[in-house]
Amino acid sequence: MMKKIQLLILILISTLFLACGTTEESIDIDDDGGTIYDMWDYMTPESSFQVEYDIYVNGRKDDYIIETVRVFDDNHVERESSDGISSLRLRRDAIEVKEPNGTTTQVQRFVKLGDRDIFQSSSNRCTLDDFYRGVTIKGIEFYRVLKVICTKRGQTNEFFYGFNEGIVATYSSNNQDTIELVKIDERGLNR
């Protein structure tokens, strides 16, 4: 009987320690009890890969694009598609994003829900809108996703960033069309 009690106690203690373990995601809590997210963890993957996105125009699949994402050891990530190369560099409290057209945007690195102007760009007003433990977009399930909403002169853009994945989906709407981009596949790359 004593061995059964000791075994039961051991199982309970083991379960408690396993349940209290840490996750891969580093989340801090601020003084107000709000969760602070590190945008670098959401805007960039852990390793290099090639990703395929389906493009939908007004709800109908219209095309697809292939993007190659390369992760370098010096806190530098490049995203290459037919549009050119976007470069992301980690700074202490910001992420510097250089687009193929030459524009550079500073992204606030540590954010919490409701933070505004997290993309330091004169033309866009971007807010960290939501966090999803799981979300289904066009029939595909994504986990641990941040949603950023940007507005610019009557146009709304939504960006969905998966933890250690980068962009998993985008949604853009103006007065005439809605355009959606949804990640459907990824393949690891050898560096």
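**View 1. The loop that holds Asp117.** Asp117 is found in the loop between β9 (110–111) and β10, in a model that is predicted rather than determined by experiment. Although Asp117 is not a glycine, its phi is positive, at about 55°. With a relative accessible area of 25%, Asp117 is partly exposed.

View 2. Twelve strands, written as 12 in the count, form an open sheet with antiparallel pairing, in the order β10-β8-β7-β6-β5-β4-β3-β15-β14-β13-β12-β11. The edge strands of this sheet are β10 (119–120) and β11 (125–137), each of which pairs on one side only. In general, the strands of a sheet pair through backbone hydrogen bonds, in either a parallel or an antiparallel arrangement.

**View 3. The pairing of β14 with β15.** Strand β14, which covers residues 166–173, pairs with strand β15, which covers residues 178–188, in the antiparallel sense and over 5 bridges. For Ser173, the bridge partner in β15 is Thr178.

**View 4. Aromatic pairs around Phe159.** A search of the whole structure finds 5 aromatic pairs, and one of them joins Phe119 and Phe159 in a tilted arrangement, with 6.4 Å centre to centre and 50° between the planes. Because Phe119 lies in strand β10 and Phe159 in strand β13 (residues 155–162), this pair ties together parts that are 40 residues apart in sequence. Phe119 counts as buried, at 11% relative accessibility, whereas Phe159 counts as partly exposed, at 21%. Phe159 also forms a stacked aromatic pair with Tyr161, at 6.4 Å centre to centre and with 25° between the planes. Tyr161 is buried, with a relative accessible area of 5%.

**View 5. An aromatic cluster, and a lysine over a ring.** One aromatic cluster is formed by Tyr37, Tyr42, Phe131 and Phe163. Elsewhere in the legend set belongs the ring of Tyr56, over whose face Lys138 lies, at 4.7 Å from the ring centre.

**View 6. Ser47 and Leu189.** Ser47 has its place in the loop between α2 (39–43) and β3 (49–57), and it counts as partly exposed, at 44% relative accessibility. Ser47 and Leu189 are 142 residues apart along the chain, while their C-alpha atoms are separated by 8.1 Å.

**View 7. The largest pocket and its lining.** The largest pocket holds about 1200 Å³ of space. Its lining is made by 38 residues, of which Arg79, Glu99, Phe159, Ile167 and Thr170 are the closest to the centre of the pocket. Strand β13 gives the most to this lining, with 5 residues. By class, the lining of the largest pocket consists of 17 nonpolar, 14 polar and 7 charged residues. Phe159, one of the residues closest to the pocket centre, is the residue that forms the tilted pair with Phe119 and the stacked pair with Tyr161.

Terms used:
Residues are numbered from 1 along each chain as its sequence is written. This is a predicted model: local features need pLDDT of at least 70, side-chain atom pairs count only at pLDDT 80 or more; totals for chains, interfaces and linings use all residues. Side-chain values use heavy atoms; hydrogens and water are left out. Two strands pair if DSSP finds at least two bridges between them. Helices (H or I, at least four residues) and strands (E, at least two) are DSSP runs, numbered from the N terminus. Rings of Phe, Tyr and Trp (its six-membered ring) pair if their centres lie within 6.5 Å; planes under 30 degrees apart count as stacked, over 60 as edge-to-face and the rest as tilted. Buried means under 20% relative accessible area, exposed over 50%, partly exposed in between (1.4 Å probe, protein chains only). A charge sits over a ring if NZ of Lys or CZ of Arg is within 6 Å of the ring centre and within 35 degrees of the ring normal. On a 1 Å grid over the protein atoms alone, a cavity is a set of points where a 1.4 Å probe fits but cannot get out, and a pocket is an open set with protein on both sides within 12 Å along at least five of seven lines; lining residues have an atom within 4 Å of a point. Grid points are joined across faces, edges and corners, and a volume is the space filled by probe spheres set on the points. Ala, Val, Leu, Ile, Met, Phe, Trp, Tyr, Cys and Pro count as nonpolar, Asp, Glu, Lys and Arg as charged, and the others, Gly among them, as polar.
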